[in-house]
Amino acid sequence: RVGEAAPTVSASPSPKAAPLVAVTMGSDSDLPVLTAGLKILDQFQVPYEVRITSAHRTPHHMMKFAAEMAQGGVKVIIAAAGGAAHLPGMVASEVHLPVIGVPVKASPLLDRANARGIPCATVGIGNSTNAALLAIRILGTTYPEYAAQMKAYQTKMKDEVLEKDEKLSS
Ligand code: RP5
């Protein structure tokens, strides 16, 4: 799946552009956790692809996916998994790209996603929104239009808090 809306700045990738972010999950049962993050990617008009690749059920498919995403120009991979949660770490072992892990369920085994020498950024349990926002920040280091959108997003959040505070204090 690729984000539908065209980017607002001319330097942005075209609507048909290859995905910049790859989103993968260990099972389709993880999809509800990713919905919020996918909405953020849509909001920022980031082209992305969503796939199911299980570290345990389809290990070769997972590795092939990771390699293909890296070769295809993807800049960041978001990987969501529960249980033993090997997916983010295994994907990170196959590529040199930044990988953001989304823990789907609380599990003490989640540290397996961060084997020594193979770093994997990890957001809070189920927090696909922050995974998407972190991916967009990473894209912002290469694509100024995403950095600009992120600045506007943060300014809007700041203004909303200040406005609420102003109302409380008046
Ligand atoms: C993990 O096991 C998946 O990432 C999922 O979070 C969990 C349960 O998967 P299903 O049994 O629902 O397919 O590998």
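So, which residues surround the ligand in this predicted model? They are Gly 26, Ser 27, Ser 29, Asp 30, Ser 54, Ala 81, Gly 82, Gly 83 and Val 104. Sorted by class, this shell holds six polar residues, two nonpolar ones and one charged residue.

Now let's look at strand β4, which covers residues 99–103. Is it mostly covered or mostly open? Mostly covered: five of its five residues are buried. If you turn the model, you'll see that Val 99, Gly 101 and Pro 103 point to one side of β4, while Ile 100 and Val 102 point to the other. Both groups are buried.

Which strands does β4 pair with? Let's start with β3, residues 76–81. Those two run parallel and share five bridges. To find one on your screen, look for Ala 79, whose bridge partner in β4 is Gly 101. Between β3 and β4 the chain passes through helix α3, residues 87–94, and this β-α-β crossover is right-handed.

Next comes β5, residues 121–122. Here, too, the pairing with β4 is parallel, this time over two bridges. Ile 100 sits opposite Ala 121 of β5.

Finally, a word on confidence. The protein has a mean pLDDT of 86, and 84% of its residues reach 70 or more. Over residues 3–13, though, the pLDDT is below 50, and in the model this stretch makes 22 contacts beyond near neighbours in sequence. As for the complex, the predictor gives an ipTM of 0.93 and a pTM of 0.79. Thanks, everyone!

Conventions:
Residues numbered from 1 in each chain as written. Predicted model: local features only at pLDDT ≥ 70, side-chain atom pairs only at ≥ 80, totals over all residues. Near = placed C-beta within 6 Å. Nonpolar A, V, L, I, M, F, W, Y, C, P; charged D, E, K, R; others polar. Buried ≥ 20, exposed ≤ 12 C-beta atoms within 10 Å, placed from the backbone. Helix = DSSP H or I, 4+ residues; strand = E, 2+ residues; numbered from the N terminus. Pairing = 2+ DSSP bridges. Right-handed = clockwise from strand over helix to strand, strands pointing away. pLDDT = per-residue confidence, 0-100. Contact = placed C-beta atoms within 7 Å.
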